[in-house]
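Q: Please walk me through this structure, one feature at a time.

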Amino acid sequence: MSTVDWAAVRTDFPLLSREVNGKPLRYFDTANTSQKPHVVIEATDAFYRLHNANVSRAVHTLGSEATEAYEAARKSIAAFMNVPANSLILTSGTTFGINLVAYAWALPRLKAGDRILLTRMEHHANIVPWQIIAERTGAVVEAIDLLPDGSLDLNALYAAMNDRVKLLGLTHVSNVLGTVNPVRDICREARKHGITTLVDGSQALPHMPVDVASLGCDFYVATGHKMCGPTGTGVLWGRKALLDEMPPFIGGGEMIKEVRFEGTVFNDVPGKFEAGTPNIAGHVGLGAAVRYLESIGMANIQAREAELLAYATVKLSEIEGLHIFGTAKDKAAIISFAIEGAHAHDLATLLDLEGIAVRSGQHCAHPLMHYLGVSATCRASIAFYNTHEEIDALATAIQKVRKLLQ
Ligand SMILES: Cc1ncc(COP(=O)(O)O)c(C=O)c1O
């Protein structure tokens, strides 16, 4: 039984006490971006007020303080993921991390006839970079189907694996269906065929304990703004041996040891992949965010969100004409739904008038929408800072707007 005082935790988030359209805000869009606790806002603010300088360059006191703060953040984030800090690249987000692997790992290696396996539940960030690489190398992109409950068809996935498959890119948790993929088992199978694996942890790392080292993947990416951190932050962990042999993705300052017009010697990992001035204050904020999440406990967060998901699923299922997409047994706190006869955007717009924020549309997952046979869904995504009372308000508001739209 968790001893966390969830009402007190909620007060850590200043924005959650505001009103929208004259109603208390009820924020159900954490899968899009999470709200930020005081400690994160204060950490970024304090960096600019007290320590602001560029990193790894200046010998003056502020320069050293900024570098220490940035590297301390890297250590905190690495510890949170259970990976060594020297193989953790700080990025602008998941999209950048996947593109880095696509251009620096896949582009030089893949050739005509090679196969890239993805799943039907991927976000565009884990589809489009691979299509670009396939176009340039002659490799082919294939998508593994889903079962009716929104879980991955593991039999189909395992049957598709062979030594022509060079890369498997899959999401840890679907941003639309909430499905949690059995990443450890999948990576073990992939390894047997010599397949390199990239896991998109955008919707997993903020919501459950993730021991990246034990997953058996080759690359793990995530984005900071969905885990209580600032926008424009993110992480790419890769196996050190792979990162060492990869060429840089972006060239510029700080990713080099020595530059001559005759040739350049690149920096060691992770510096080799962090050209230019990074988002220093943002990553200092992300360091504060992971320490904050750890202070609550990721197992507590996971249990709290599972409980809220179960409660919301019952409440929403009671609504006539409401259909939920994604009912996998292992599911994170994301509920995508549609209501017969109501367009998702109309529904979300009317819910906003009730102070309720849900996302509507295609959730950067056009192929999945197509596969599900829908043009759009509404998505209520739940975080540990949501409450049962807010879920009641969501269900009541959906009932109300359903009547208006029919
Ligand atoms: C599963 C998944 N992958 C990738 C992304 C892209 O993240 P970002 O836009 O922060 O790069 C998202 C964001 O919605 C996501 O949910």
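Q: How far apart do the C-alpha centres of domain 1 and domain 2 lie?

A: Domain bounds come from an automatic or database domain assignment. Here the C-alpha centres of the two domains lie 28 Å apart. Domain 1 covers 6-30 + 297-405, and domain 2 covers 42-294. This is a predicted model: local features need pLDDT of at least 70, side-chain atom pairs count only at pLDDT 80 or more, and totals for chains, interfaces and linings use all residues. Residues are numbered from 1 along each chain as its sequence is written, and side-chain values use heavy atoms, with hydrogens and water left out.

Q: How many residues of domain 1 are in contact with domain 2?

A: Contact means heavy atoms within 4.5 Å. By that cut-off, 32 residues of domain 1 touch 30 residues of domain 2.

Q: Which residues surround the ligand?

A: A residue counts as near if one of its heavy atoms lies within 4 Å of the molecule. The shell includes Thr-94, Thr-95, Ala-125, Asn-175, Asp-200 and Lys-226. By class, the shell residues divide into 1 nonpolar, 9 polar and 2 charged.

Q: Which polar side-chain atoms lie by an oxygen atom of the ligand, and at what distance?

A: A polar contact is a pair of N or O atoms within 3.5 Å. Thr-223 has a polar side-chain atom 2.6 Å from a ligand oxygen. For His-225 the distance is 2.8 Å. For His-123 it is 3.3 Å.

Q: How much of the ligand's accessible area does the protein cover?

A: Accessible areas come from the Shrake-Rupley method with a 1.4 Å probe. On its own the ligand has 390 Å², and the protein covers 86% of that.

Note on methods:
Polar contact = N/O pair within 3.5 Å; in protein donor to acceptor, adjacent residues only side chain to side chain. Nonpolar A, V, L, I, M, F, W, Y, C, P; charged D, E, K, R; others polar.
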